[in-house]
Amino acid sequence: MRLPDFLIIGAAKAGTTTLYKYLCRHSQFYQPAPENTAYVPQKPYSYKEPNFFGCDENYAKGINYYASLFTEAQVHQVCGEASTDYTKYPQFPESAARIAHHCPDVKLIYIMRHPVDRAYSYYVHLNRTNRKLNFQETFEEHLQKTTVSLDGSDYMLQIEQYLKFFSKEAFLFLLMDDLVQQPQDTLKKTFNFIGIDDGIDVISGNEIAENKASQYLENIYRSKLSVPLRKIPGANSMRMLLPQSWRDQIYYLLRKTAYGEQVKKQAYPQPMLPETRKMLLERFQEPNQRLSEFLNRDLSHWSR
């Protein structure tokens, strides 16, 4: 039975997909895939998050199901996955215990970012992945209804769940800033940690910046804005005949209308209020200090 050599356990919206996609470029890393040999991933990271240990429904499928995701791995390859639900305590309270039970020697990678920025980004993510929400709630209203965005930014809370079962040496702790500002050094450190060749260049001038919400939201806005035009008979055929510059001009004119402003409210989140940011900076001050001492790393920039 082949099980993961390492797990990227989070944090959500902190660069896990970017890190995972870099790993997918390394020949000594095996990306998980279902046992069904007819399965062909649509993207190199299609099976990034099986969420086996967090989700009760997935865990009920049994360890043999989970092991089937790594069946085709070669002897020289390491196996791993990146399920961010594993650091969403208390929403998924059994993750650490289940991982320790089935994979007691697994290596754990935990990548973090500014906790307030991450919390807001996760709120945006929830609205992106659930179109029914459509940003009907502001970030402030979201915080009044649930603690899920804040819990995932309380990094010491999440780490402490794992320290009940794993030693500190089982972890590689990274900051998203590391991956953005020093990708080569960060990847080398990661490759060394999981035991694959750190001399293989997986960047080669083609750096990855995954899950950029701004571009995604702009695409959604543009799509929503053009709905009335697409309903006009023959509009799609005519649109294809127009130069891209003309289509862009029509789009920008629509943005300036009252209709464009109405659609924008459904496609874009309202920014975090300054007083909310101040409140959250104070809320995370103590856990950030504990994390700084735990990592022996200066995190004072998280106070701004």
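Y123 is found in helix α5, in what is a predicted model. With a relative accessibility of 1%, Y123 counts as buried, because residues under 20% are placed in that class. Once its neighbours within four places in sequence are set aside, Y123 is in contact with F135, E137, T138, F139, H142, S149 and P269. One of these contacts, H142, lies 19 residues from Y123 in sequence, and the C-alpha atoms of the two residues are 7.6 Å apart in space.

A second residue examined in this helix is S121, which belongs to α5 (residues 115-129). S121 has a relative accessibility of 16% and therefore also counts as buried, given the cut-off of 20%. Leaving aside neighbours within four places in sequence, the contacts of S121 are K13 and R113.

The buried set comprises P115, V116, R118, A119, Y120, S121, Y122, Y123, V124, N127 and R128. As to its length, the 15 residues of α5 should span 21 Å at 1.5 Å a residue, and the end C-alpha atoms are 21 Å apart, which agrees with that expectation.

Helix α5 is also included in what covers the buried residues of α17, together with β4 (107-112), α8, β5 (171-175) and α16 (274-283). The residues of α17 that are buried are P287, N288, L291, S292, F294 and L295. Because these residues cover an arc of only 165° around the axis, they lie on the same side of α17. The face turned away from this buried side carries Q285 and E293, which are exposed. Just after α17, N296 takes a positive phi of about 55°.

Two packed helices are described by the angle between their axes and the distance between the axes. Helix α8 (residues 155-163) and helix α17 (residues 285-295) pack at an angle of about 50°, and their axes are 8 Å apart. That angle makes α8 oblique to α17. From α8, the residues Y155, M156, I159, E160 and L163 take part in the contact, and they meet P287, R290, L291 and F294 of α17. Divided by type, the residues of this contact are seven nonpolar, no polar and two charged. Of the α17 residues in the contact with α8, P287, L291 and F294 are among those buried in α17.

Definitions and conventions
Residues numbered from 1 in each chain as written. Predicted model: local features only at pLDDT ≥ 70, side-chain atom pairs only at ≥ 80, totals over all residues. Heavy atoms only, no water. Axes fitted to C-alpha atoms, helices over the stretch in contact; angles between N-to-C directions. Helix = DSSP H or I, 4+ residues; strand = E, 2+ residues; numbered from the N terminus. Parallel < 35°, antiparallel > 145°, perpendicular 65-115°, else oblique. Contact = heavy atoms within 4.5 Å. Nonpolar A, V, L, I, M, F, W, Y, C, P; charged D, E, K, R; others polar. Buried < 20%, exposed > 50% of the residue type's maximum accessible area, 1.4 Å probe, protein only. Arc of directions from axis to C-beta. Expected span 1.5 Å × (residues − 1).
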